[in-house]
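Reader: I am new to this structure and would like a close look at one part of it. Please start where the two chains meet.

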Amino acid sequence: MKLKSNIAISENGFMFDPYTGDSYNLNNTGVEIIKHLKAGKTNEEILAELKQKYDVDDLSLEQNLYDFIAMLSHYDLLENA
Amino acid sequence: MEKLRYERPIINKIKAGVPDKYGMQPKIPVKSEIDGIPVKEIVEKYGSPVFVISEKTLRETFQKANRAFQSRYPKVQFAWSYKTNYLDAVCRLYHDEGSWAEVVSGFEYDKALSNGVPGNKIIFNGPDKTDEDLKKAIENGSFIHVDHFDELYSLIRISQNTTPKAKVAIRVNMDTGIYPKWDRFGFNYENGEAWNAINRIMLAENLELVGLHTHIGTYMMTANAYAVAASKLAELAVRTNKKFNHSIKYIDMGGGFASKNTLKGAYLPGKDTCPSFDDYADAITSALINSEIAPDQLPTLFLETGRALIDDAGYLIGSVLANKRLSNARRAKILDIGVNILFTSFWYEHEVYPAQESSQQTEDTTLYGPLCMNIDVIRESIQFPTLKKGDLVVIPRVGAYNMTQWMQFITYRPNVVLIDQNKKMHLIRKQESLKVFKEQELVPEFLLNEKPLKA
């Protein structure tokens with residue numbers, strides 16, 4: 001899963017898509033996932049990173065990550081596979 | 001290393017340039033307890049969903065309303081509107097505060113009697129009173145509010161064979177400057193029908209005209225309409241006195257005071273726009289005192305306020321069943337609270353609060369009920385935090401009409417709990433069960449003998 005290049009995100013969760021001119025607000029967990037995606041990490045790696053850092057069970061985390069990625073896809077922020 | 005508190009990842013698209021009253025990120029308040037009892041504890045004991053009635057709020061609201069009128073007018077009598085909430089425990093609290101009973105059917109009439117209300121403290125309203133109902137009401141000395149001429153002539157006929165005299169009032173409908181004009185109940189003021197009805201009653205030997213009643217509408221956002229109505233009833237009282245030398249004992253202004261809920265389509269919340277009890281009291285009592293009724297003959301003022309007295313005392317607790325994403329990526333939650341038990345969600349934008357500390361991040365969310373029906377929507381659009389399955393929510397201001405208009409549909413109606421002034425919980429209506437419904441159903445014998453489907 002690869003984020004489109006040139007997508008800019010600030011530390012406090014403001015994200016800008018230069019292709020469409022749309023901007024987004026993200027919470028901390030969202031920002032973190034975007035950063036991992038930018039770094040080219042796989043979903044499994046992202047899950048492992050978040051699990052280590054946050055107090056959350058495996059299944060909820062998995063469900064939430066895939067839901068979030070579906071949102072990115074809906075907003076057309078991902079490279080077509 | 002201690003792990004950090006987790007929050008589901010959120011992405012919200014910024015819609016620049018579109019006017020949005022949620023421009024500022026609102027802080028969603030948490031409603032974690034009701035009258036000092038944790039919401040979690042209530043659910044652990046009585047399940048979810050569950051209705052909760054606060055005795056403290058109920059009494060305080062009643063006393064506030066009573067004070068608003070008593071401090072402005074010498075003779076005031078409230079009558080509890082049974083149809084608003086006729087759970088026995090609720091009715092008995094109002095009777096304990098001094099309220100009479102206002103009923104609109106034989107069923108409600110019998111319920112009032114069973115709650116220990118004497119017959120001569122029951123006001124019998126409504127278009128549906130059977131001959132049996134009327135006979136019982138006459139014999140008990142109840143106040144019968146006549147709705148139409150067929151009922152008036154039934155009363156004249158029935159009262160010929162009963163004692164004592166029937167105590168009657170007429171319900172008057174009128175133009176008070178508000179829309180819609182409620183003209184389906186009672187006799188019209190402007191076209192002279194009400195005056196005709198008064199004349200017919202005054203000529204009937206066994207009927208005693210004791211009062212004049214109106215109920216101008218529901219959820220009245222302007223107190224001035226009541227002033228107009230009170231003036232018109234006062235005019236009828238003066239006219240009756242002039243022609244028949246007969247004093248009207250009471251004027252009943254009905255109900256219809258708005259609660260603090262927000263109606264669908266309203267831009268500002270109800271708590272900021274609805275008149276207060278003082279506003280209504282001021283309009284009504286000023287109109288009566290300034291009328292041509294002689295000061296020593298001022299009638300008792302009856303009030304049948306329901307919604308505005310009980311709404312704030314009722315809460316509905318429920319849980320999140322699921323989080324969903326709709327085809328347009330919009331967030332949706334399924335609650336175990338549906339329109340079957342929250343009937344008022346058809347006309348109110350109910351406030352919904354999380355019952356536990358949650359993220360301050362919110363998403364534009366649709367709240368659905370649990371019914372497998374497309375109409376089952378609690379809120380079309382609400383800025384709501386990221387709750388997970390099993391988290392609890394609290395909907396305040398649900399005391400009026402929900403516990404009477406609720407439907408047994410698809411699932412059972414839930415427990416209703418009263419929290420008393422000593423913070424003690426009491427179950428006042430049990431959750432229904434399959435047994436309750438089976439008891440009402442009969443299967444014809446020929447179907448009993450049918451062989452069941454094979455497994």
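Reader: Which residue in β1(B) stands opposite A:Tyr54?

Author: It is B:Leu4 in β1(B) that stands opposite A:Tyr54. A word on the model first. This is a predicted model, in which local features need pLDDT of at least 70, side-chain atom pairs count only at pLDDT 80 or more, and totals for chains, interfaces and linings use all residues. Residues are numbered from 1 along each chain as its sequence is written, while chains are lettered from A and ligands numbered from 1 in the order in which they are written.

Now the strands. Strand β4 of chain A covers residues 54-55. Helices (H or I, at least four residues) and strands (E, at least two) are DSSP runs, numbered from the N terminus. Strands pair if DSSP finds at least two bridges between them.

Step back to the whole interface. Here 23 residues of chain A are in contact with 16 residues of chain B. Contact requires C-beta atoms, placed from the backbone, within 7 Å. On the chain B side, β1 (4-5) and β2 each supply at least two residues. β2(B) gives the most, with three residues. By class, this side of chain B has seven nonpolar, two polar and seven charged residues. Ala, Val, Leu, Ile, Met, Phe, Trp, Tyr, Cys and Pro count as nonpolar, Asp, Glu, Lys and Arg as charged, and the others, Gly among them, as polar.

Helix α3(A) runs over residues 58-74, 17 residues in total. From first C-alpha to last, α3(A) reaches 24 Å, close to the 24 Å expected at 1.5 Å a residue. That expected span is 1.5 Å times one less than the number of residues.

Which residues of α3(A) are buried? They are A:Leu61, A:Asn64, A:Leu65, A:Phe68, A:Met71 and A:Leu72. Down the axis of α3(A), these buried residues fall within an arc of 120 degrees, so they line one face of the helix. The arc is that of the directions from the helix axis to the C-beta atoms. A residue is buried if 20 or more other C-beta atoms, placed from the backbone, lie within 10 Å of its own, exposed if 12 or fewer, and partly exposed in between. After α3(A) comes A:Asp76, with a positive phi near 60 degrees.

The C-alpha trace of chain B spans about 90 × 70 × 45 Å along its principal axes.

Chain B is assigned domain 1 (33-52 + 314-432) and domain 2 (55-311). Such bounds come from an automatic or database domain assignment. The centres of the two domains, taken over C-alpha atoms, are separated by 33 Å. Their contact takes 19 residues from domain 1 and 18 residues from domain 2.

Note on methods. Two residues are in contact if their C-beta atoms, placed from the backbone, lie within 7 Å.
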